[in-house]
Amino acid sequence: MAGKDDDVKVLGLVMSPFAIRVCIALKLKGVSYEYIEEDLANKSELLLSSNPVHKKIPVLIHGGKPICESLVIVYYVDEAWAPSPTSPSILPADPYDRAVARFWAAYVDDKMVPGMVGVLRAATEEERAAKADETLAAMAQLEKAFAEVAAKNGKPFFGGDSVGYVDLALGCNLHFLEAIRRLHGVALVDAGKTPLLAAWAERFVQVEAAKGVVPDADDAVEFARKIQARVAAAAASTAANYTDIQC
């Protein structure tokens with residue numbers, strides 16, 4: 001296991017939920033790192049050489065060795081830096097609990113995130129409503145999963161007394177969930193429908209490791225508007241090209 005936190009770099013995008021979860025994981029472990037903001041329209045040679053397969057962020061570079069894919073990176077961080085009284089394990093020690101945590105973290109990325117992104121990128125209100133329903137269905141499942149945790153041990157996080165693997169997977173999206181609420185009036189974490197998750201979200205953003213990493217909601221709204229503007233421009237360009245072809 002690696003025991004030193006020197007020469008640690010994170011290639012990311014400040015608004016990227018996937019980069020955010022990596023940075024919070026490192027802070028939970030007390031690891032100092034150099035953060036390098038990427039311009040995804042003009043990707044650096046370091047990014048392209050570190051992740052030649054997908055050419056995406058985030059990338060963790062530790063001792064010159066790159067690790068890609070955010071959940072894989074968090075898993076690596078948990079194993080590479082041993083737990084201590086001030087930086088507990090991110091994944092459970094019990095094999096079954098560990099497998100369950102990995103299942104729900106993957107569920108967040110496979111089910112919740114696509115719906116959330118779909119709400120932001122929807123071209124019509126009908127499409128947005130459908131994507132919101134898809135996301136809410138995923139949130140309902142996560143509410144049930146957290147209810148089981150709360151019933152089992154009464155702890156404040158999926159990880160127990162401290163933020164764990166599932167907390168990171170879900171919590172890194174809270175700025176976009178709030179941006180959607182402000183932009184479209186769609187509450188995807190709702191005290192009425194998902195009261196346990198709503199209370200959990202308030203606790204998560206107050207965790208010291210999340211402060212200064214999870215973006216401000218106002219910045220998320222501005223970023224979301226830029227995404228929507230690009231989607232609208234791309235759709236208009238496609239429509240114009242289609243018209244030209246038909247003519």
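Residues are numbered from 1 along each chain as its sequence is written, and side-chain values use heavy atoms, with hydrogens and water left out. Because the model is predicted, local features need pLDDT of at least 70 and side-chain atom pairs count only at pLDDT 80 or more, while totals for chains, interfaces and linings use all residues.

**Aromatic pairs**

A search of the whole structure finds seven aromatic pairs. Rings of Phe, Tyr and Trp (its six-membered ring) pair if their centres lie within 6.5 Å; planes under 30 degrees apart count as stacked, over 60 as edge-to-face and the rest as tilted. Two of the pairs are listed below.

| Pair | Centre to centre | Angle between planes | Class |
|---|---|---|---|
| Tyr 76 and Trp 81 | 6.3 Å | 90 degrees | edge-to-face |
| Phe 158 and Trp 200 | 6.0 Å | 80 degrees | edge-to-face |

Burial is judged by relative accessible area: under 20% is buried, over 50% exposed and in between partly exposed (1.4 Å probe, protein chains only). Tyr 76 is partly exposed at 27%, whereas Trp 81 is buried at 6%. Phe 158 and Trp 200 are both buried. Phe 158 lies in the loop between helix H5 (125-153) and helix H6 (165-171), and Trp 200 in helix H8 (residues 195-206), so their pair ties together parts that are 42 residues apart in sequence. Helices (H or I, at least four residues) and strands (E, at least two) are DSSP runs, numbered from the N terminus. Ring pairs also link Phe 146 and Phe 204 with Phe 158 and Trp 200 into a cluster.

**Packing of H1 and H3**

Helix H1 (residues 17-28) packs with helix H3 (residues 70-80) at an angle of about 5 degrees, the axes being 9 Å apart. Axes are lines fitted to C-alpha atoms, for helices over the stretch in contact, and angles run from 0 to 180 degrees between N-to-C directions. H1 and H3 are therefore roughly parallel to each other (angles under 35 degrees; over 145 is roughly antiparallel, 65 to 115 roughly perpendicular and the rest oblique). In contact (heavy atoms within 4.5 Å), Phe 18, Arg 21, Val 22, Ala 25 and Leu 26 of H1 meet Ser 70, Leu 71, Ile 73, Val 74 and Val 77 of H3.

**Asn 51**

Asn 51 is placed in the loop between helix H2 (45-50) and strand E3 (59-62). Asn 51 is buried, with a relative accessible area of 4%. Leaving aside residues up to four places away in sequence, Asn 51 touches Lys 56, Val 59 and Cys 68.
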